[in-house]
Amino acid sequence: MMTVDDILVGIRKSFSFLWEEYGFKFVGLMPKSGYHDYGYFAQLENDWCKLAFQSESGYLEDICIVPKGVSSAGEFVSRWALLSTGVERKRLQVPYTAENVLNNFDEFARPYLLEMLELAKTPVLFEKRLKELEEAAGSNPITIEIVRAERARLHALELDSSLGAAMAHLRKRAKHE
Amino acid sequence: MNNPGLKEEIWTDLRQKWAGLVAEEHTVKVEFNILKDPKDETRDLAIDVAQNIDGEWVVQTVQRQAQEAYPVIGIGGLGLDQLITLAGQVVNSVTEPVTGQGTCDDEMHLFMKRNSPETSEIYGYIISKTGEKVGVRANYQHYYVLNEILEQTSKIMKEEYSEIQLHRNKDDFGRLYFRFIPA
């Protein structure tokens, strides 16, 4: 089981860009959460939104983002990870070390987190984008394998093969299908 | 009222605060509780200035010297995990006489405002399962545990906080929620 010290050190280290680039501050902690009390709930806030790091098992599973002034419940970063990874969501939960989980978040959820942080500045756009993502996920889920294959294809073509570029291509293709 | 041995500027601030409250027709009663060094009874480690203002307790604890009393309190070398467990226990020690043991039917709200690294004031209340609001009288144990949680969190997060709050709500199955107010 992870200690509170490990959890906070892990969040501060792995998500230091939230402090440095987005002006977040740590504001809350529920050190025990989840069915067996193994989880935790940690909150950050900046001028325009709130973030909650959530765990049921002791390892980070979800990041919830809510723009300030929006009363509806927030959405979860893992939900966007789910949107991109579809049925392969388990891949985010399989590695049972804190570092692996954080790395997986970084690889698959970070682009969505960054996008949502920018969108959260304008709550109307934030909610619109959420709806788009939900609709896209319902109609045509994009799996990790599909993302990897697209990145490989773009790389072979000597095009921008970043995760963002691959996702953009896949979304565009999904729209036309 | 004579100074029980507080640093002069803290004593002056307290007297000014009480004079202001009395001028506004509030009722103020003050008690002192001194934490002595068990190895040297002539030596004071901390003082609780317990102020009952219109029936509500506000307890300001003043350390003589930062961390000097840690071995006496038993928190020297503890990590956040252990301090958080301890916070639950010291909070329960004042709430259980009101709420009963192990109950999740009550609410508890405790606030510690930091005046300086060596002194903070604590106040709070319980809302019992019958809906009655009951004030909590804290003491130096609360102060030392919460202050050290604040110190360690501040160090990890590389931030300064002016206040720490503890909340226990009915909906959270008796779990404690720690709120940190940035300085």
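Author: Two residues are in contact if their C-beta atoms, placed from the backbone, lie within 7 Å. This is a predicted model.

Reader: OK. Which residues of helix 1 of chain A meet helix 4 of chain B?

Author: A:Leu8, A:Val9 and A:Arg12. Across from them, helix 4 of chain B brings B:Thr153, B:Ile156 and B:Met157.

Reader: What classes does that contact have?

Author: Of its residues, 4 are nonpolar, 1 is polar and 1 is charged.

Reader: And at what angle do the two helices pack?

Author: About 30°, with the axes 9 Å apart. Angles under 35 degrees count as roughly parallel, so helix 1 of chain A is roughly parallel to helix 4 of chain B.

Reader: Switching to confidence. What's the mean pLDDT of chain A?

Author: It is 73, with 66% of the residues of chain A at 70 or more.

Reader: Now chain B. What are its domains?

Author: The domain assignment gives domain 1 as 8-68 and domain 2 as 71-182. Their centres are 19 Å apart, taken over C-alpha atoms.

Reader: How many residues does each domain put into the contact?

Author: Domain 1 of chain B gives 18 and domain 2 of chain B gives 15.

Reader: Which strand gives the most on the domain 1 side?

Author: Strand 3 of chain B, with 8 residues. That side of domain 1 divides into 11 nonpolar, 4 polar and 3 charged residues.

Key. Residues numbered from 1 in each chain as written. Chains lettered and ligands numbered in written order. Predicted model: local features only at pLDDT ≥ 70, side-chain atom pairs only at ≥ 80, totals over all residues. pLDDT = per-residue confidence, 0-100. Domains from an automatic or database assignment. Helix = DSSP H or I, 4+ residues; strand = E, 2+ residues; numbered from the N terminus. Nonpolar A, V, L, I, M, F, W, Y, C, P; charged D, E, K, R; others polar. Axes fitted to C-alpha atoms, helices over the stretch in contact; angles between N-to-C directions. Parallel < 35°, antiparallel > 145°, perpendicular 65-115°, else oblique.
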